[in-house]
Amino acid sequence: QQTTSEHWHAYTDGGASSKHATKHTIAGWGFCAKRAQQTGTWVRAHGRVTVDDRHAAYLGSQVGSNNTAEITAIAELLMWALQALPDQSALKIHFDSKIASHTIRGIWKAKTNKRLVRTVRALLRAASGKFKIAWQWVKGHSGNEGNEEADRLASEGQKYARPSGGRFNQPGSAWMFAISKLEDGPDLDPPISDLNTANDDFTNA
């Protein structure tokens, strides 16, 4: 029987510069993670939601919004985890957006942002095959240290065009590893071999 090798807590958040979601709206994502019972520094990452399907970091977002930023934050956390954490690690994801969490987990049906949700669900399937994942809702802006830090990082993501931390700390093109691994995954239904292809028919819960 395999035992859990490491325990991690992670916090995700996202935000947008306007409530009017368009492809020109700037939205930022952020996450932070720390090993349980450690007082060391957080692993931190932030960036902007990418809506250009020609961009190497494109995950499927068609607009910048609070929701696409929240969903992207979880996607970026999972991609970092797939690269950085040992197999059988325990990862507890603390989130303040039930829309993002419940849509990704299939509790709620994806009515918008379908290409992005499709990508993140594939990431979650891949991560669930390697890690023990748990989810915990936390009230936003309630003084929770991890949530406040993720919120700060999401704001940083809006300010700076270049992403920082997480998978983007990998040298050269190594930060693309998680996506390229998913493209060859045997358990992806539907496949995500081409993230630049629209998937308007995706309605699976």
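The model is a predicted one. Its chain holds five helices and six strands, and 48% of the 205 residues count as buried.

**Overall organisation**

- Read from the N terminus, the elements follow the order β-β-β-α-β-α-α-β-α-β-α.
- Among contacts in the chain with a separation of 6 or more, 72% are between residues 24 or more positions apart.

**The sheet**

- Strands of a sheet pair through backbone hydrogen bonds, in either a parallel or an antiparallel manner.
- Here six strands make up an open sheet with mixed pairing, arranged in the order 5-4-1-2-3-6.
- Strand 3 and strand 6 run antiparallel and are joined by two bridges.
- His46 has Ser164 of strand 6 opposite it.
- Helix 4 (residues 145-159) packs on the sheet, where it touches strand 1 (7-16), strand 2 and strand 3.
- The direction of helix 4 makes about 140° with that of strand 2.

**The largest pocket**

- The largest pocket contains about 470 Å³ of space.
- Its lining consists of 24 residues, and those nearest the centre are Arg48, Val49, Thr50, His55 and Ala161.
- At least two lining residues come from each of strand 2 (27-35), strand 3 (43-48) and helix 1 (66-84).

Terms used: Residues are numbered from 1 along each chain as its sequence is written. This is a predicted model: local features need pLDDT of at least 70, side-chain atom pairs count only at pLDDT 80 or more; totals for chains, interfaces and linings use all residues. Side-chain values use heavy atoms; hydrogens and water are left out. On a 1 Å grid over the protein atoms alone, a cavity is a set of points where a 1.4 Å probe fits but cannot get out, and a pocket is an open set with protein on both sides within 12 Å along at least five of seven lines; lining residues have an atom within 4 Å of a point. Grid points are joined across faces, edges and corners, and a volume is the space filled by probe spheres set on the points. Helices (H or I, at least four residues) and strands (E, at least two) are DSSP runs, numbered from the N terminus. Two strands pair if DSSP finds at least two bridges between them. Contact means heavy atoms within 4.5 Å. Axes are lines fitted to C-alpha atoms, for helices over the stretch in contact, and angles run from 0 to 180 degrees between N-to-C directions. Buried means under 20% relative accessible area, exposed over 50%, partly exposed in between (1.4 Å probe, protein chains only).
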